[in-house]
Amino acid sequence: MTKNRVNLAVGIFLMLVFVLLLFSFQVRQTELAIVTTFEKVTRTVNQPGFNFKWPWPVQKVYYLDRRVQNLETKLEETLTKDSRNLLISVYAGWAISDPARFFPNFPGASLAEAGRRLDEMIRSKKNETVGLHEFRRFISTDEKELKFGEIELEILNKVRPEALANYGIEVKFIRIKRLGLPESITQKVFDRMQKERQRLVQKFQGEGESRATEIKTAADRDRDKLLAEADAEATRIRGQGDLEAARAYEVFQQKPDLAILLLKLQALEETLKERTTLVLDQQTPPFDLLRDTNAPGIRR
Amino acid sequence: MSEQPQQPRKGPPGATRLRLTPAAPVEDAGSQALSEALRSSFFLVKIAMVLLALYFCCSNFKFVSEQERAVVLRFGRPVGEGEAALAGPGLLMAFPYPIDEVVSLPAAQILSAASSVGWYMEDPRTTAAGAAVPPRPTLNPVQDGYTLTGDGNIIHVKATLRYRVIEPIKFYFNFTNSAELVTNALNNALYHASARFTVDDALRRNLAGLQEKVAARTEELLREQDLGAQVQQVDLVTAPPRQVKEAFDQVTAAENQRSELINEAEGYANNILSRAKGEAEARRNRGLADRTRLVTEVEAEARYFKELLPSYNQGPELFARRLQAETLGRVMTNAQEKFFLPARADGQPREVRLQLSREAQKPKAALETPKPAGHSH
């Protein structure tokens, strides 16, 4: 009879599993659940995991997507506060945060329908917000003027409470996806850019020439200065030399006759140094020795 | 799915019931054979049941390949946090269905996103000449993307982003399309960053700065949106609109020309200055040399004079003669040609005719002739 008992145990175990399945449900990481009792929402489950319920037909479980849904608005023209046309599109992330409020609003818990309604709401809030700011709040080289991120937050802050109250949707973020200008305006921007470029070309050309001239003249000036300084220095050095020489010349004062003689002789030797042809007569000592009579002064 | 556990339950009770029937006394061989056949077929059914049960128990055993990773959801909730939640590659043993669920994800945790909202539509057509079709004078916002710079200009920007999934549970389970959100974050960053740059900075002067801003903004958005991803690298390409590209090229050319002119001028300046320095040094040195020469010469003369002075003082006339003779002697020795003209007997000055036809000696010879003539008078 042991065989029967094993069979019975298996049977009871399987029965228990079956009953447990009837009395429980799981919520996956990506889901939210609503439990209805006789078709009336009585409980919402926001956390993934294992849960108990009464079996059908007493309680029914509906699953909703818990994940963040993407939404992008069309690129559309919006007037800024200073009446300039701006093309703007934003993207947003939203998720069902209050299933009990979301569920009755959308038949079959349609995410697409919810997305459409949210899109309308975001667009109207976006246009409203953009209309409150000047064009320069969107693009500016001045960090203080630029309010890019602030405008995004402003739209979010307008949409968020309304979406939550009306649809049980939590809008997680709204950010600008694209910015643009109307097509006809791009032509004007190009014209302006063209002019600006031409101005830059002229500026660079002028700058190049003037800088080059500046550098060259500065170099010339520096050269002249260097040379003048060097000349001055050389003259000063030579002056020193003259001074020292003059000091040495003082010695000659002791016997000017000798000094003059020495200078003369030196000059003579200097001038007759190289490849000289000398023509001498008998007057010049020591050739006076070669005169007719050896005795000097005989003919005089 | 609730039928699955029911299946094995149906078998055993039926088998018990049927096994009782052969207990009745049946004599005829026909019914005995039938009961034999039934018994063996029930045995086969039993084996099938056990196998089925085994298969069911192992139904969530999975071989995770190198290219994928698996996440185990226990009662719907992922097991493990962050990157630890990823199992594999290798054998993964999880409980069968109602308890565990195995979800496989791609193994690559470094992904890339590309943004082209700031780029114009590339026209694949070309003209007959092979050149690209000239762009229309305006930008149609539906086709052509662009961003606006802080100074109100239009530029084209495209970017590629490499990012790393650091929290796969968040990235894969909390968003319907997280990759698109990353791309949109990058799109936003492009507009956010170019809105504060001037056109010249964005295009040439500070592309790295723009890139840095884009990366920082993307990172900020990924964190704010809790995507569980981290920016690794952003690559940017910027370009002026094709409609005004020529004007931009002209500016670049003008700028190059400017630097060329300046470089040339600087080259000239360097050359001039180094030469001037050399020349200045040379002039200074010449001065020094002159001084040294003068001083040494004069000193030598002075020394010579001092040496001679005592001898001269002893007999000036004689000493002078001697010096004179010595000097003349030296001069004579050095002279190449010497002519001696004795005085004429009648005492008249002698007339000398010189033919001066020699090349370099001309001035010297001319200089020397008057001297003896002068002496002769």
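Q26(A) sits in strand 1 (residues 24-27) of chain A, where strands (E, at least two residues) and helices (H or I, at least four) are DSSP runs numbered from the N terminus. The model is a predicted one, in which local features need pLDDT of at least 70 and side-chain atom pairs count only at pLDDT 80 or more, while totals for chains, interfaces and linings use all residues. Side-chain values use heavy atoms, with hydrogens and water left out; residues are numbered from 1 along each chain as its sequence is written, and chains are lettered from A and ligands numbered from 1 in the order in which they are written. With a relative accessible area of 19%, Q26(A) is buried (buried means under 20% relative accessible area, exposed over 50%, and partly exposed in between, with a 1.4 Å probe and protein chains only). Leaving aside residues up to four places away in sequence, Q26(A) touches G49(A), F50(A) and Y63(A) as well as F75(B), G76(B), P98(B) and I99(B), a contact being heavy atoms within 4.5 Å.

Most residues other than glycine have a negative phi, and most peptide bonds are trans. The bond from W56(A) to P57(A), however, is cis, with omega near 5 degrees, and P57(A) belongs to the loop between strand 4 (49-52) and strand 5 (59-65) of chain A. F38(A), in the loop between strand 2 (31-37) and strand 3 (40-45) of chain A, has a positive phi near 50 degrees and is exposed at 61% relative accessibility. S83(A) likewise takes a positive phi, near 60 degrees; this residue lies in the loop between strand 7 (76-79) and strand 8 (85-96) of chain A and is exposed, at 56%.

Helix 4 (residues 148-167) of chain A has 20 residues and spans 28 Å between its first and last C-alpha, close to the 28 Å expected at 1.5 Å a residue; the expected span is 1.5 Å times one less than the number of residues. Its buried residues include F148(A), I151(A), I155(A) and V159(A). The buried residues of this helix pack against helix 2 (99-105), helix 3 (111-130) and strand 9 (169-180) of chain A, together with helix 4 (178-194) and helix 6 of chain B. After helix 4 of chain A comes G168(A), with a positive phi near 70 degrees.

Helix 6 (residues 207-224) of chain B, one of these partners, has 18 residues and reaches 26 Å, close to the expected 26 Å. Among its buried residues are L210(B), V214(B), R217(B) and L221(B). Just after this helix, D226(B) adopts a positive phi of about 55 degrees.

A further helix pair joins the two chains. The axes of helix 6 (residues 256-271) of chain A and helix 8 (residues 316-334) of chain B come within 10 Å and cross at roughly 10 degrees, so the two helices are roughly parallel (angles under 35 degrees count as roughly parallel, over 145 as roughly antiparallel, 65 to 115 as roughly perpendicular and the rest as oblique). Residues of this contact include L258(A), L265(A), F319(B) and L323(B).

Chain B as a whole comprises ten helices and ten strands, and 35% of its 377 residues count as buried.

Key
Axes are lines fitted to C-alpha atoms, for helices over the stretch in contact, and angles run from 0 to 180 degrees between N-to-C directions.
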